[in-house]
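Here is a short report for a first look. Begin with the sequence and the structure below.

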Amino acid sequence: MLYALKIAWRYLTANKVQTGLLVAGVAVGVFVFIFISALIGGLGTYLVQRTVGNISHVTISAPDEEMSVLPDSAAEMLVVRQANRADREILRNAEAFIPLLEGLTSVAAVSPQIVGNGFAVRGQLRAPVAVTGVAPDKVSAIADLDSALVAGNTLLTNASVVIGASLAEDLNIGVGQVLRLQSDRGMERPLVVAGIFAIGVEALDARSAFVSTATARFLFEIEQGLSRMEIKLDDLNAADTIARRIAGITGLEAIPWTAGNSQLLEGLRAQSSSGDLIKAFALITIVIGVASALLLSTYRRRPEIGIMRAMGASQLFVVAVFVIQGALIGILGACIGAGLGYLALSPFPVPENAAPGGLPVDVRQGAFGLAIVLTAIGAVLASILPARSAARVDPVSVIGQ
Amino acid sequence: MSPFLEVTDLFKTYGEGETATPVLKGLSLTLAQGERAALLGPSGSGKSTLLTILGTLMQPTSGRHVMLGEDLTRASDRARTEFRNRHIGFVFQFHHLLPDFTALENVVFPSAVAAGRETASARHRGTELLARVGLSNRVNFRATQLSGGQKQRVAIARALMNRPELILADEPTGNLDRESAKQVMDLITEINREERTTFLISTHDDNIAQACGRQIRVLDGRTIVDGQ
């Protein structure tokens, strides 16, 4: 094998220009593979980050009340009580789980909330709002309101509210001015606008109002317990696993963000499939390139192959010489392509920090190892046909020339 | 005791059916160890076919081929390749060196391909053989940098590398000038005498034939004259 390696290397270095072009071709294919991996992966991360980065990744909510069957006492009549949908479901003892949840791996923040619907009223102007009552230090725990502030601040008191920019526009209100929040329970409280944010998600910017927990408890008449707990994760992709784990630990219903975003996930899957197809074509191009170049080499070196066979080289030895050439071309081209890919992708910021409109490539998702391994395997497979062709060269036909 | 090399009633036909072309038609021949024999005959008489069969590069259509007591007639490609590497050397009219390799690497090839690597002892023997054929100052020259006579002497050194019992030479001087041809034949004679290596030399040159101890004339696929 060592001697076959020497001959393979000698053949490759004998024609440096041809070998250089071949290796460059493989390197370009690997570069495309890595770039597409980084682009598709980065685009996915960017989309997910932009779409669900400012919402809860796992939400613990109170289970809906199930209809129940009254006890069958005399076996004569069954009475079913209808679930009362008007009753507000409350997580009664969930606050006890907060330290436990905050200690879980991958959990970045836990935000206990009181939520409800109502109207924001200013003079004759009136707009429906989704009111979220949060602890003052958790205002930006889920949606990063601090970064999205366009005016004021997020320092919540029992007499202040933070609203979205579209809602402020609808109500024609600014920071320091007062609006009245009316809840669907008929409660009402005047609040000073402390801050205005523009996250870029219309549903939040036009319909959200953040108040303190105490204010929310007053508006929605919830003296104890929570409406829900929102959890933000470091790793968005771990949401399903973490949700199952939380449900197992707490016995509460934990819903990952993926449950409500099936269309986004389908889109990402389709995007990933498109990327796989492009990568497959890049690999096929590499295989065809290596195979055709080695077939040409086999034809050009027929006399030498015949002489080697006449001198006692086995068919297996000849196969080894050409397969090793394929492997060397593949590994060399793959390493160069991977190196170039890394150099080209490294200057780009990761998608989490990418500026809007920038190229969301993610060097971490370049699949460098996979590209090198698949290219090496592809090049070896590509060399088998030329190698077998070489091994079948009849030394007699060559010696006679 | 069986002879060193024996072929009996050898037939070789190229093609099949209407295109069948018989080349050897019942040829029989024996060679003793240490002989230096010339194989003579016009073009198309079957000399080259006989050499390729004796060199285990091709199998006869029928007949028997035995060398060193081993029946090679129907041996597998692998067995014939190993046998050829160990026991047979070749010198061709057109030297057939590997162009991307140095003189020493060409000489060492038969040993390296059997061992799987170039050993130090093989390189030492290769250097000695190149010195013996008068090329000690061309050891690291590429084949493409050598003259025709030098290439043929490298080919002879390569044929001797694995200490084969038989060397088959097909017009070894046919492509050389008179002076180079004489050097090559002197070398063959010297090796034959000193190492008792058996030579079978296909040639059209009567001078070379006379320099051999035995002349075997082939005509129309049969041996017609075999004498001292």
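## Charges

This is a predicted model. Chain B carries 27 positive and 26 negative side chains. The centres of these two sets lie 3 Å apart.

Chain B holds 7 helices and 10 strands. Its radius of gyration is 17 Å, close to the 17 Å that the globule rule gives for 228 residues, so chain B is as compact as a globular protein of that length. Along the principal axes, the C-alpha atoms of chain B fill a box of roughly 50 × 40 × 40 Å.

Contacts in chain B also reach along the sequence. Take those between residues at least 6 apart in sequence: 68% of them join residues at least 24 apart.

## Inside and surface

How much of chain B is buried? Of its 228 residues, 54% count as buried. Here buried means under 20% relative accessible area.

## Nonpolar cores

The largest nonpolar core has 94 residues. Which members touch the most other members? They are A:Ile7, A:Met308, A:Phe317, B:Phe109, B:Leu130 and B:Leu200.

Look at B:Leu130. Leaving aside residues up to four places away in sequence, B:Leu130 touches B:Ala103, B:Leu104, B:Val107, B:Leu135, B:Ser136, B:Val139, B:Val154 and B:Ala157. Another core, of 51 residues, lies apart from the largest one. Among its residues are A:Val48, A:Val110, A:Ala168 and A:Ala239.

Note on methods:
Residues are numbered from 1 along each chain as its sequence is written. Chains are lettered from A and ligands numbered from 1 in the order in which they are written. This is a predicted model: local features need pLDDT of at least 70, side-chain atom pairs count only at pLDDT 80 or more; totals for chains, interfaces and linings use all residues. Side-chain values use heavy atoms; hydrogens and water are left out. Helices (H or I, at least four residues) and strands (E, at least two) are DSSP runs, numbered from the N terminus. The radius of gyration is taken over C-alpha atoms; the globule rule is 2.2 Å times the number of residues to the power 0.38. Buried means under 20% relative accessible area, exposed over 50%, partly exposed in between (1.4 Å probe, protein chains only). Contact means heavy atoms within 4.5 Å. Lys and Arg count as positive and Asp and Glu as negative; His and the chain ends are not counted. The place of a charge is taken as NZ of Lys, CZ of Arg, CG of Asp or CD of Glu. A nonpolar core is a set of buried Ala, Val, Leu, Ile, Met, Phe, Trp, Tyr and Cys residues joined through side-chain atoms within 4.5 Å.
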